[in-house]
Amino acid sequence: MPCNSQSRNKCWTSAVNLGYVGLVLVLAGGASAMDVLVANQITALNGTKVKISCTFTSCYKVENSKFAMNWSYQETANDTRDIFMIFHKNKMQPTGMRFGDRVAFVGNVEKNDLSVTLEDVQISDEGLYHCWVHNPPDRVLGLGTIELVVVTELPPPRDTTIAVVIGASVGGILALLILSMVVVKCVRRHRKQELISDEQKMEEEGKLDPEGGTEEGTKQL
């Protein structure tokens, strides 16, 4: 969708957030078997609908019987978390009364997308939103935190076409780099498991016929 004068700021913010997330992961030493990808901060206009995006990477396909996740809200870092969305009985279900029917799941678990939307955003909705993920047999638990900022009016439009293009390009390149690193890591993990299995088979065969090599060597002499 092209960016017009009213949505350029939103496009630029999304591109910069994606680039920032990718840069943090790369600087931290690359993507691990489980990574949760979110924007550090998003801005919403009071009274509108906002999408809170959350995706994750994993070397393993999602199995509904084992997969677990939840969304929780925290007004400040010192407050307790209030769970408002949970994956239960093979489907995503709202829970609690914090947002009522204003919150809805719009992602796709099979495609590693756990995004939700929040209708009629209020100033009281500002705070920290946590996306927690567990996808066995991955032992690593994933957690992404997004800060939602609610404003009463949008800033005046300005021409940021060049900035949007640059930001989107950087974000796209970093996203591809992260995906490549995840694929390489998964391939290496599977190869390592195959090598270990081959070594175990060789050791078992040696134990079953310990004298075979000695007899053959004697015949050659």
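What follows is a chat about the predicted model shown above.

Reader: Before I look at any details, how many helices and strands does the protein chain have?
Author: This is a predicted model, and its protein chain has 3 helices and 11 strands. Read from the N terminus on, the elements run α-β-β-β-β-β-β-β-β-β-β-β-α-α.

Reader: And what does the pLDDT of the protein chain average?
Author: The average is 77, and 62% of the residues score at least 70. Among the elements, helix α1, which spans residues 8-27, has the lowest mean pLDDT at 41, whereas β3 has the highest at 98. Over residues 1-31 the pLDDT is below 50, although this stretch still has 43 contacts in the model beyond near neighbours in sequence.

Reader: Where else does pLDDT stay under 50?
Author: That is the case over residues 213-221, a stretch for which the model has 0 contacts beyond four places in sequence.

Reader: Okay, on to the sheet: in what order do the strands come?
Author: The order is β2-β11-β10-β5-β6-β7, which makes an open sheet of 6 strands with mixed pairing. β2 and β7 stand at the edges, and because each has a single partner strand, one side of each is left without a neighbour in the sheet. From one strand to the next, the twist averages 20°.

Reader: Staying with β2, which residues are on its covered face?
Author: Ile42 and Ala44 make up the covered face of β2, while Gln41, Thr43 and Leu45 make up the uncovered one.

Reader: Now the inside of the protein: which residues of the largest nonpolar core touch the most other members?
Author: Those are Phe67, Trp71, Leu114 and Tyr129, out of the 32 residues in that core. Several strands each supply at least two residues of the core, namely β2, β3, β5, β6, β9, β10 and β11. As a general point, nonpolar side chains tend to be buried together in soluble globular proteins.

Reader: How much of the chain is buried overall?
Author: Buried residues make up 32% of the 221 residues in the protein chain.

Reader: Which residues does Arg102 touch?
Author: Leaving aside residues up to four places away in sequence, Arg102 touches Thr117, Leu118, Glu119, Asp120, Val121, Gln122 and Asp125.

Reader: Last one: among contacts between residues at least 6 apart in sequence, what share join residues at least 24 apart?
Author: For the protein chain that share is 61%.

Technical notes. Residues are numbered from 1 along each chain as its sequence is written. This is a predicted model: local features need pLDDT of at least 70, side-chain atom pairs count only at pLDDT 80 or more; totals for chains, interfaces and linings use all residues. Side-chain values use heavy atoms; hydrogens and water are left out. Contact means heavy atoms within 4.5 Å. A nonpolar core is a set of buried Ala, Val, Leu, Ile, Met, Phe, Trp, Tyr and Cys residues joined through side-chain atoms within 4.5 Å. Buried means under 20% relative accessible area, exposed over 50%, partly exposed in between (1.4 Å probe, protein chains only). Helices (H or I, at least four residues) and strands (E, at least two) are DSSP runs, numbered from the N terminus. Two strands pair if DSSP finds at least two bridges between them. Axes are lines fitted to C-alpha atoms, for helices over the stretch in contact, and angles run from 0 to 180 degrees between N-to-C directions. pLDDT is the predictor's confidence in each residue, from 0 to 100.
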